[in-house]
Amino acid sequence: MQNYAFEMNDVSIRYPHFKMEGLNLSLPQGQVMGLVGVNGAGKSTTIRILMGLVKADSGQVKALGYNLPEHQVQAKYDIGFASDDMRLYKSQTLQWHMDFIKSIYPKFDSAYAADLLKRFDLIADQQIKGISHGQRVKACLLLVLARRPKLLILDEPTTGLDPVAREEVICELADILLDDERSVLFSSHNTHDIEKLSDQIAFLDRGKLLALQDKESYLESWARFRCQINNTSSESVLGAVSIKRNGQIAEIVTAQYSPHYVAQLQQAGFSVLEQHRMSLEEIFVANIKRSR
Amino acid sequence: MTTLFKNTNMIKRLIIKDWELMKKGIAGYMAAGIVTIGIMGMATEITFNVGAILMITLLIVIGARSAVESIVNEKKDQTMPFILSLPISPQHYALAKLLSNLVLYIVPWLILVLGMLAVIISTPIYNGVIPLVVLVSVYILAAYCCYLATALLTYSEGFTIAVMIVTNLLINAFIIGIMRMPEINQTFKAATASWNSTSLTILAAELGFTCVILVLTAYLQQRKTNFL
């Protein structure tokens, strides 16, 4: 039987200008899931429901075997959460925060925290108000990772970071994620980060789950073709997400790519000139356009 | 309720955390309070009145700072997600905030009020003024509970400040109102404090109102489903 780090079954929530209906999302233990979506897609709402901070109108939510939000206290002992809107106390030092966290979590690993302090190039005795945004993100991650959580939930952790700081954070995270026991839910609208870190991709848009698949097969299922339009070309092609025509040239995007797809295009009257794999960002945009 | 008892350690940790964050400010206000009590202790009519005005201001400022800094700013400064990521439910977090704010306000409030009463008793100031001092002090405590409740239920700086302004404006009306009551103003210059049915009724009403506000706040907090 498959063990899940979290399971959301038929979860619905409604706000005045946003609704999420019947969301089903689950993450097998030890996997890294990238939650992708534009601003307002429902990523943060999903995460807040998972953290017990928002009560869904209906549906069932379980994290690490605990029903949420009822048993969130027990669950949160093994969940590490960091988000882009999370701040630390400005008047206190990072050391004060580490001591505070240590007093709550019996499993807090001081040696690991000291190691992360060096790797993240942070100063324990520095007041939080004096550190940069990038250092603050790293400080939050340190406080979360040193608890050795079984489930790590990161809500847009790289938002607002300069490219160098973002790369540093992503590299450290990639290193940390080598631990097979740790499950991670990573939300971002930055598809490069998701592509680097995730095993699974979940696309959200306007509160709906557009896709949930393992990254490799998902990336392999999308392709873009540049084709010559012939007299015999049909108006539509099976499996095409979009067909853009420009004179005698058509750009066809599919989400059902297989080695036989070229033959399928030829049968539909198109001569394939070029074939490209698509980046997650291109897939993301195509997927959103298709759903709207 | 069972989970509450299981989580008392975490609630205690959050109360200690709030104390650590606010202790410097409270120490400063206590120092100012001691100076104010000293001014009142000079026992002339002018110094007592000046001291009384300073003390009212100080008690209001301590409460305002406590509610804004520890509750409203926790939302505004975005430290709330950090705390709510810890093993605590939003309901227990709110309870911890309610308790920490009450402790962090009531302890200095009690020390300063007892200090004032000690000055009145130990100097030639008429002891008959004691009921007025107690009633005004308890009014300030009740007003504090009003904006504490507003801060906890809305986390809104605007609403909290609005309630502060209204309750602080009403303090003048309250003082004038009770000073015009013959049962109270006729005993001002008495050598001993005179607690009659009027002053005791007002005191009971203030304390009852304060309790209702606190119980209602705790009840409404438990019913909230959306945090952050």
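Predicted model: local features only at pLDDT ≥ 70, side-chain atom pairs only at ≥ 80, totals over all residues.

## Hairpins of chain A

Strand 12 of chain A and strand 13 of chain A form a hairpin with two residues between them, and in its turn A:Gly247 has a positive phi of about 65 degrees; helices (H or I, at least four residues) and strands (E, at least two) are here DSSP runs numbered from the N terminus. These two strands, residues 240-246 and residues 249-254 of chain A, pair in the antiparallel sense over six bridges, where pairing requires that DSSP finds at least two bridges between the strands.

Residues are numbered from 1 along each chain as its sequence is written, while chains are lettered from A and ligands numbered from 1 in the order in which they are written.

A hairpin with two residues between its strands is also formed by strand 9 of chain A and strand 10 of chain A, and A:Arg206 in that turn has a positive phi of about 50 degrees. Strand 9 (residues 200-205) and strand 10 (residues 208-214) of chain A pair in the antiparallel sense over six bridges, with A:Asp205 standing opposite A:Lys208 of strand 10 of chain A.

## The open sheet of chain A

Four strands of chain A form an open sheet with antiparallel pairing, in the order 2-1-4-5. Strand 2 (18-28) and strand 5 (66-68) of chain A stand at the edges with a single partner strand each, so one side of each is left without a neighbour in the sheet. From one strand to the next the twist averages 25 degrees.

Inside this order, strand 1 (residues 4-15) and strand 4 (residues 58-63) of chain A pair in the antiparallel sense over five bridges, and A:Met8 stands opposite A:Val61 in strand 4 of chain A. Helix 1 (residues 43-50) of chain A lies across strand 1, strand 2, strand 4 and strand 5 of chain A, running at about 120 degrees to strand 1 of chain A; axes are lines fitted to C-alpha atoms, for helices over the stretch in contact, and angles run from 0 to 180 degrees between N-to-C directions.

## Helices of chain B

UniProt, in an unreviewed entry, places the feature "transmembrane region" at residues 21-40, 46-68, 102-123, 129-152, 159-179 and 199-220 of chain B; such annotations may be inferred rather than shown by experiment. Over residues 21-40 of chain B the chain is 100% helix and 0% strand, with the end C-alpha atoms 30 Å apart.

The axes of helix 3 (residues 45-76) and helix 6 (residues 130-154) of chain B come within 10 Å and cross at roughly 15 degrees. Helix 3 of chain B and helix 6 of chain B are therefore roughly parallel to each other, a term used for angles under 35 degrees. The residues of this contact between helix 3 and helix 6 of chain B divide into 13 nonpolar, two polar and no charged.

## Contact between the chains

The contact takes 22 residues from chain B and 23 residues from chain A, two residues being in contact if their C-beta atoms, placed from the backbone, lie within 7 Å. On the side of chain B that touches chain A, the largest share, four residues, comes from helix 2 of chain B.

Note on methods
Parallel < 35°, antiparallel > 145°, perpendicular 65-115°, else oblique. Nonpolar A, V, L, I, M, F, W, Y, C, P; charged D, E, K, R; others polar.
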